[in-house]
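The sequence and coordinates come first.

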Amino acid sequence: MKFLYHPDRKDITLPGVLYALGDPVRLEMVCLLAAKGEQCCGDFDFAIAKSTMSNHFKILRESGVVFSRKEGTQHINRLRQEELEELFPGLLDAVLRSAKSIVNSQ
C-alpha cells in the first residue's frame, strides 16, 4: 500500500494552506467536505480527469487541509478542521463563508 503523507500539525504553514485553498477546484472540494463531512474521492463529481482530481487531493493533503485514509480501494477524506482552527483561528470559516457568497452570486 502506498504511503500517504500528512504533515504534522507543527509543519502546517499558512502559505501552504492558502496555496491549497487558492485554487477554485480545491476550494470547492473543501466546501463539499465542510458541508458533507467525510467523502471518498469518487463522491466528487467534477468534470476533470481522475489524475487531476488525485493531484488536487494530494495538494490538499500535503498542505495539511485534509486527512485521507485508505479503506479498501477507496480514499476517504476529511477536513483537518480542528487543527486548522487551532493554528489559524477563523481562517477556514472565513474562507468557507467567502466561497459560499461567491458561489451564490454566480
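## Largest pocket

Helix 3 supplies seven residues to the lining of the largest pocket, the largest share from any element. Helices (H or I, at least four residues) and strands (E, at least two) are DSSP runs, numbered from the N terminus. The pocket holds about 510 Å³ of space. A pocket here is an open set of points on a 1 Å grid over the protein atoms alone, with protein on both sides within 12 Å along at least five of seven lines; a cavity is a set of points where a 1.4 Å probe fits but cannot get out, and lining residues have an atom within 4 Å of a point. Grid points are joined across faces, edges and corners, and a volume is the space filled by probe spheres set on the points.

Of the 22 residues that line the largest pocket, C41, K50, S54, F57 and H75 are the closest to its centre. Helix 3 (50-63) and strand 3 (74-79) are the elements that give two or more residues to this lining. By class, the lining has ten nonpolar, seven polar and five charged residues. In this count Ala, Val, Leu, Ile, Met, Phe, Trp, Tyr, Cys and Pro are nonpolar, Asp, Glu, Lys and Arg are charged, and the others, Gly among them, are polar.

## Basis of the model

Residues are numbered from 1 along each chain as its sequence is written. The model is predicted, with local features needing pLDDT of at least 70 and side-chain atom pairs counting only at pLDDT 80 or more, while totals for chains, interfaces and linings use all residues; side-chain values use heavy atoms, with hydrogens and water left out.

## Helix 3

Helix 3 has 14 residues and reaches 20 Å from its first C-alpha to its last. This is close to the 20 Å expected at 1.5 Å a residue, where the expected span is 1.5 Å times one less than the number of residues. After the helix comes G64, with a positive phi near 95°.

The buried residues of helix 3 are M53, H56, F57, I59, L60, R61 and S63. Buried means under 20% relative accessible area, exposed over 50%, and partly exposed in between (1.4 Å probe, protein chains only). These buried residues pack against helix 1 (14-21), helix 2 (24-36), strand 2 (66-71) and strand 3. H56 counts as buried because its relative accessible area is 9%. Leaving aside neighbours within four places in sequence, H56 is in contact (heavy atoms within 4.5 Å) with D23, V25, R26, M29 and I48.

## Nonpolar core

The largest nonpolar core has 24 residues, and V30 and V65 touch the most other members. Such a core is a set of buried Ala, Val, Leu, Ile, Met, Phe, Trp, Tyr and Cys residues joined through side-chain atoms within 4.5 Å. Helix 1, helix 2, helix 3 and helix 5 (91-105) are the elements that give two or more residues to this core. The most comes from helix 2, with five residues.

Apart from neighbours within four places in sequence, V30 is in contact with L21, L60, V65, L79, L92 and L96. L27 is in helix 2. Not counting residues up to four places away in sequence, L27 touches L21, V95 and A99. L27 and V95 are 68 residues apart in sequence, and their C-alpha atoms are 8.6 Å apart.

## Cavity

The whole structure contains one cavity of 30 Å³ or more. About 40 Å³ of space lies in the largest cavity. Its lining consists of V17, L21, V65, L84, F88, L91 and L92. The lining has seven nonpolar, no polar and no charged residues.

## Accessible positions

A47 is in the loop between strand 1 (39-40) and helix 3, and is exposed, with a relative accessible area of 86%. The C-alpha atoms of A47 and D23, 24 residues apart along the chain, are separated by 15 Å.

E28, in helix 2, counts as partly exposed at 44% relative accessibility. R69, in strand 2, also counts as partly exposed, at 31%. Not counting residues up to four places away in sequence, R69 touches E38, Q74, H75 and I76. R69 and P15 are 54 residues apart in sequence and 24 Å apart in space, C-alpha to C-alpha.
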